[in-house]
Amino acid sequence: KEKAKKAEQLLTSLVKDYGAQFDAQLKPTLVPFETVLLAYSRSFYVDAAQRAESVLTHMLELYETGLLERPPDAWSYNLVLKCWMHSKHPQAADRALKILEQMQTDGVVIPDTSTMNTVLNAL
């Protein structure tokens, strides 16, 4: 469970180091972010869903500022939805629906079959 938090800390360091040095070799891609999201989706940590959604929000912010070359993809969103699906949080279904709505409204990524199935399972 702590591995997901450690992975997020390492990711935060990577982003900070890139921001400080602008070293092309340190420029973050989707891969380390999705690795953190995957870790949270497998952790069943109490606040995994909230932390995963925070990572997704950070990805969107970094994309908007140009630090990420690509926006989060369907897999990124699906991992966050999976966290909410496994969450015991009373707002889990509402959060899953809100993320689906965001995907549909923003038009950055198109929900796929996995997205819809995960949202249905969260309800």
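**View 1. Lining of the largest pocket in the predicted model.** Helices H2, H3 and H4 each contribute at least two residues to the lining of the largest pocket. The greatest share comes from H3, which provides 3 residues. The structure shown is a predicted model.

**View 2. Centre and composition of the largest pocket.** The space in this pocket amounts to about 190 Å³. Its lining comprises 13 residues, and those nearest the centre are Phe 44, Tyr 45, His 86, Ser 87 and Lys 88. Classified by residue type, the lining holds 7 nonpolar, 5 polar and 1 charged residues.

**View 3. Helix H2 and the residue that follows.** Phe 44 comes after H2 and has a positive phi, near 55°. Phe 44 is also among the residues nearest the centre of the largest pocket.

**View 4. Buried residues of H2 and their packing partners.** Leu 30, Phe 33, Glu 34, Val 36, Leu 37, Tyr 40, Ser 41 and Ser 43 are the buried residues of H2. They pack against three helices: H1 (2–21), H3 (48–64) and H4 (74–86). In an α-helix, residues three or four places apart point the same way, because there are 3.6 residues a turn.

**View 5. Confidence along the chain.** The mean pLDDT of the chain is 91, and 99% of the residues score at least 70. Confidence is lowest in H1, with a mean of 86, and highest in H4, at 97.

Conventions:
Residues numbered from 1 in each chain as written. Predicted model: local features only at pLDDT ≥ 70, side-chain atom pairs only at ≥ 80, totals over all residues. Heavy atoms only, no water. Buried < 20%, exposed > 50% of the residue type's maximum accessible area, 1.4 Å probe, protein only. Helix = DSSP H or I, 4+ residues; strand = E, 2+ residues; numbered from the N terminus. Contact = heavy atoms within 4.5 Å. 1 Å grid on protein atoms, 1.4 Å probe; cavity = no way out; pocket = protein on both sides within 12 Å on 5 of 7 lines; lining within 4 Å. Points joined across faces, edges and corners; volume = space filled by probe spheres on them. Nonpolar A, V, L, I, M, F, W, Y, C, P; charged D, E, K, R; others polar. pLDDT = per-residue confidence, 0-100.
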